[in-house]
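These exercises go through one protein model, with a worked solution after each task. Look over the sequence and structure before starting.

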Amino acid sequence: MFQFVFSRAYCTNNIRRKWKEFEKTLGCAEEGHPSLGDPDWASYTLGVFICLSCSGIHRNIPQVSKVKSVRLDAWDEAQVEFLASHGNDAARARFESKVPSFYYRPTPSDCQLLREQWIRAKYERQEFIYPEKQEPYSAGYREGFLWKRGRDNGQFLSRKFVLTEREGALKYFNRNDAKEPKAVMKIEHLNATFQPAKIGHPHGLQVTYLKDNSTRNIFIYHEDGKEIVDWFNALRAARFHYLQVAFPGASDADLVPKLSRNYLKEGYMEKTGPKQTEGFRKRWFTMDDRRLMYFKDPLDAFARGEVFIGSKESGYTVLHGFPPSTQGHHWPHGITIVTPDRKFLFACETESDQREWVAAFQKAVDRPMLPQEYAVEAHFKHKP
């Protein structure tokens, strides 16, 4: 239970009673997870409870939100009464009344940028009260300049991007006057996920798409946080509208999880070739749904190889350790993936890495395959 600090002039039983009424509805207004524990902060101008992380973002918009600690700061009766007459549920009913189904709602594990722009969109710009303010990501067409990492030299250069739902594609151009795009990324196979640490920029976004049934990565950012989050939600909107046509009987709740996805697991492991006689080499691995991709460098445009991980019903198994007599690995903690075609051997540096990778692989193996995944498996190119 909270130990609240009140100014002496207003430290009354009435105020204490008001606080106690909040206990059953406490939780961070931005994250919607009461199970994470009681929030330590509140905005006395918006009438919401928030966690420590979100309180820092609220402090950056003082013209909209003023915050206090519910444990350490003094509260007067008027402020408590305001909270009592508002609260998290009332704030959501007002400030989230018109959130589009495709708009990404951040979780506590998401990057700072997504959480900040969600809060600014709600309270500062009030985008979910006035739908006309959603035009930058809901119009079905968007163009602008983004910084894109070069595939060969690693330099970020300004490139023109065009998203068109009518053509079902995201395109970018190497020159402003170019008539033909350098690349056309079909919305059908496109994914976007924020990767600030990997890209080295707080607004870094990784976009992936399929080219000749292999995954292609591009890395982009914009100096303005709102701009790159608007691009992200515009891509989700395009995916949403594509899926609505492709699956006309599906509900919004069925489609929203398919709009974008974060990777199940990323990190370094060692691998060996198909004959398992050559030495192990350190590679960067990304587990994207059922595709396990490996790269020489985390920012490579193309994977050196990809492994499809199907279900146990289709003959896929994940094992701790190596087969007997395995040699050549520098890291001690082994993983063996058994597929219908061959065994893949990986080595992890630490036991905790091994546990996390095995859990990610097992999650894929335990999940029954969808009809379209059998088609992917049939055409998949196993690269050693």
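**Exercise 1.** Which side chain meets that of Glu 143 in a salt bridge?

Solution. The model is predicted. Step one is the partner: the side chain of Lys 160 meets that of Glu 143, at 3.9 Å from N to O. Step two is the cut-off: a salt bridge requires the nitrogen to be within 4 Å of the carboxyl oxygen, and the pair is listed as a salt bridge at 3.9 Å. Step three is the location. Over the whole structure, the search finds 24 salt bridges.

**Exercise 2.** Describe the interface of domain 2 and domain 3 by its contacts and its area.

Solution. Start with the contacts: 14 residues of domain 2 touch 16 residues of domain 3. Now take the area. The size of an interface is often given as the accessible area lost when the parts come together. Here about 1,300 Å² is buried between domain 2 and domain 3, and carbon and sulfur atoms give 48% of that area. Of the area that domain 2 buries against domain 3, Lys 198, Asn 213 and Thr 215 supply 41%, more than any other three residues.

**Exercise 3.** Which elements form the side of domain 2 that touches domain 3, and what polar pairs cross the interface?

Solution. First count the pairs: six residue pairs are in polar contact between the two domains. The elements that each supply at least two residues on the domain 2 side are α7 (196-199), β11 (205-211) and β12 (214-221). Of these, β12 gives the most, with five residues. By class, this side has three nonpolar, five polar and six charged residues. Finally, one salt bridge is found across the interface. A salt bridge also joins the side chains of Glu 266 and Lys 198, at 2.6 Å from N to O.

Note on methods: Residues numbered from 1 in each chain as written. Predicted model: local features only at pLDDT ≥ 70, side-chain atom pairs only at ≥ 80, totals over all residues. Heavy atoms only, no water. Contact = heavy atoms within 4.5 Å. Buried area = accessible area lost by both parts, 1.4 Å probe. Polar contact = N/O pair within 3.5 Å; in protein donor to acceptor, adjacent residues only side chain to side chain. Helix = DSSP H or I, 4+ residues; strand = E, 2+ residues; numbered from the N terminus. Nonpolar A, V, L, I, M, F, W, Y, C, P; charged D, E, K, R; others polar.
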